[in-house]
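Please look over the structure shown here. The report covers its ligand site and its domains.

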Amino acid sequence: PRVIFSGIQPTGIPHLGNYLGAIQNWVRLQNRAAPDDTILYCIVGYHAITLPQDPAHLETERLNMLASLLACGINPKTSLLFNQDQVPEHAELAWILNCITPMGWLSRMTTWKSKLAVARNASSEDEINDSMLNLGLFAYPVLQAADIMIHKSTHVPVGEDQTQHLELAQDIARAFNHKYSDDLFPTPQQLSTPTKRVLSLRDPTQKMSKSAPSDKSRILITDDPAAITAKIRGAVTDSISEITYHPERRPGVSNLISILAACTSEEPNLDLGTIARSYQGKRIQDLKQDVADAVIAKIEPIRKEYEKIRAESAWLRDVSDAGDTLARERASRTMSEVKKTVGLARM
Ligand code: AQP
């Protein structure tokens, strides 16, 4: 039987990239699961605090994320939906994994390298601006590995941008098994979505992201039709009037075509060049109008559901308490095995 696991940071309302790249697939997996599959989805507060967060704001964002996942179709009766930060075993296993993970493996992570580059640029001298980097940020992928491993997960649905972290989790699981015990942890497999990385609407060389400074760079699952239309109309493209699909040369237009395909079809091998050709003789405004309509059709039911669910605070807390309790029971069973394996069992 499969153990399907994934997580998301409570760093803002999910955007179209989070939805098309991850959450939509989580819902599909949940709805098509075999009776003996276990499905776990969590909100990873411990990851969120690797960057500065205002405590009151973080509390709100955690509830917003819970409401968002439920609005997108995660069913707490079939999926174990919980808060990673309420299951201390995640952090406890991360510590043990820290002790077997070479620093070189973490230095190679592109997410770390880009954070390092930003810190270097922010510094007046050729030194690193130390205050922008912390140990948690460096060890972020180890905590991810612990999240996956503490539940003995076999399958991890994440966006294409997470492949390197998932490969690291596989290496860490293998390293633990090799050092201590041959079969305690399964090697987790990535389950990718057919959707390409969704790019920022303001800077199509970057991915769409919750924490990018401009609100106009992302479409949120809570945006109303007018906001969606305005953001798509304002999407940065290029000066060529023809519509063609060229992700490298024309990332802005190609991103719009890819969003259109993802919102209108479930076909994984759709030829995006064919879609582009169907716009021959048309203007970029025509494409943008179709993209806006397709995104609205996808997002509007979710937005309405979110408004309803977010008002039910008592129910949200019940869902969260029930999930946290079950996840903790599960995680503590693995933790006992791990502590025994490494020589830290109860005396
Ligand atoms: N632009 C994207 N396109 C496709 N998939 C994406 N994901 C994120 N951005 C895109 C997928 O969303 C899931 C949850 O991501 P996360 O919240 O854990 O962290 P992240 O990848 O760092 O996402 P953000 O939106 O960029 O958040 P911030 O700005 O807080 O760092 C993952 O499965 C990811 O693949």
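The sections below take the basis of the model, the ligand and the domains in turn.

## Basis

This is a predicted model, in which local features need pLDDT of at least 70 and side-chain atom pairs count only at pLDDT 80 or more, while totals for chains, interfaces and linings use all residues. Residues are numbered from 1 along each chain as its sequence is written, and side-chain values use heavy atoms, with hydrogens and water left out.

## Ligand shell

The ligand has 19 residues around it, of which His 15, Asp 161, Ser 209, Lys 210 and Ser 211 come nearest (a residue is near if one of its heavy atoms lies within 4 Å). Five residues of this shell are nonpolar, 10 polar and four charged; Gly is counted as polar in this division. Helix H1, residues 16–31, gives the most to the shell, with four residues (helices are DSSP runs of H or I, at least four residues).

## Polar pairs and burial

## Domains

Domain 1 spans 3–197 + 312–342 and domain 2 spans 222–308, with bounds from an automatic or database domain assignment. Their C-alpha centres lie 29 Å apart.

In domain 1, 17 residues are in contact with 16 residues of domain 2 (heavy atoms within 4.5 Å). The two domains bury about 1,300 Å² between them, 64% of it on carbon and sulfur atoms; this is the accessible area lost on being put together, summed over both. On the domain 1 side, Leu 16, Ala 71 and Lys 196 lose the most area to domain 2, together 34% of what that side buries.

Conventions:
Helices (H or I, at least four residues) and strands (E, at least two) are DSSP runs, numbered from the N terminus. Buried area is the accessible area (1.4 Å probe) that two parts lose on being put together, summed over both.
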